[in-house]
Amino acid sequence: MPPLLLGTYNPKIDAKGRLALPAKFRGQLGEGMVMARGQERCIYLLPQAEFRRIAVQIQRTSMGNKAARDYLRVFLSGAVDTTPDKQGRILVPQMLRDYARLGSQVVVIGVGTRAEIWDARAWGEYLADKEQGYSDIADDVLPEWEW
């Protein structure tokens with residue numbers, strides 16, 4: 001069963017580009033994980049098995065589909081394998097820090113089968129913007145079920 005990553009954490013990125021993963025996420029993500037460009041200028045952090053599942057799913061899309069080719073190129077070309085060091089830190093490559101516009105203040109959030117790394121200011125702005133419509137979109141996103 002895949003991990004269920006939850007919560008919001010506020011680590012810092014040090015001068016060498018290292019980020020201390022939240023302790024709770026370390027075991028759930030496993031020894032080997034993959035960082036990749038995410039949507040809305042965040043960085044996805046996925047267990048290797050989940051990354052492979054997503055990559056295979058995208059590759060199954062017809063090679064005649066230009067949007068799928070474009071997405072696959074951008075997604076895979078920005079992906080890097082990473083393994084936490086003994087202190088639980090991962091190195092966030094400069095190209096991904098540039099893509100996500102990361103400063104030293106970051107937010108790491110759990111999003112089910114992946115974690116996302118956001119610049120703290122960008123996450124605050126995103127959350128403020130989306131919280132307003134959070135309950136409004138529930139009917140469109142969630143299946144019908146009883147709360």
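## Helix 2 and helix 3

In this predicted model, the axes of helix 2 (residues 48-59) and helix 3 (residues 66-77) come within 10 Å and cross at roughly 155°. Axes are lines fitted to C-alpha atoms, for helices over the stretch in contact, with angles from 0 to 180 degrees between N-to-C directions. Helix 2 is therefore roughly antiparallel to helix 3, a term for angles over 145 degrees. Helices are DSSP runs of H or I with at least four residues, and strands are E runs of at least two, numbered from the N terminus.

From helix 2, Phe51, Ile54, Ala55, Ile58 and Gln59 meet Ala68, Tyr71, Leu72, Phe75 and Leu76 of helix 3 (contact: heavy atoms within 4.5 Å). These residues divide into 9 nonpolar, 1 polar and no charged; Ala, Val, Leu, Ile, Met, Phe, Trp, Tyr, Cys and Pro count as nonpolar, Asp, Glu, Lys and Arg as charged, and the others, Gly among them, as polar.

## Nonpolar cores

A nonpolar core is a set of buried Ala, Val, Leu, Ile, Met, Phe, Trp, Tyr and Cys residues joined through side-chain atoms within 4.5 Å (buried: under 20% relative accessible area, 1.4 Å probe, protein chains only). The largest has 20 residues, and Leu19, Ile43, Leu45, Val92 and Leu102 have the most contacts inside it. Helix 4 gives the most to this core, with 3 residues.

Leaving aside residues up to four places away in sequence, Val92 touches Ile13, Gly17, Leu19, Met35, Ile43, Arg97 and Leu102. A second, separate core has 13 residues, including Cys42, Ile58, Trp118 and Trp123.

## Basis

Residues are numbered from 1 along each chain as its sequence is written, and side-chain values use heavy atoms, with hydrogens and water left out. Local features need pLDDT of at least 70 and side-chain atom pairs count only at pLDDT 80 or more, while totals for chains, interfaces and linings use all residues.

Definitions and conventions. Buried < 20%, exposed > 50% of the residue type's maximum accessible area, 1.4 Å probe, protein only. Parallel < 35°, antiparallel > 145°, perpendicular 65-115°, else oblique.
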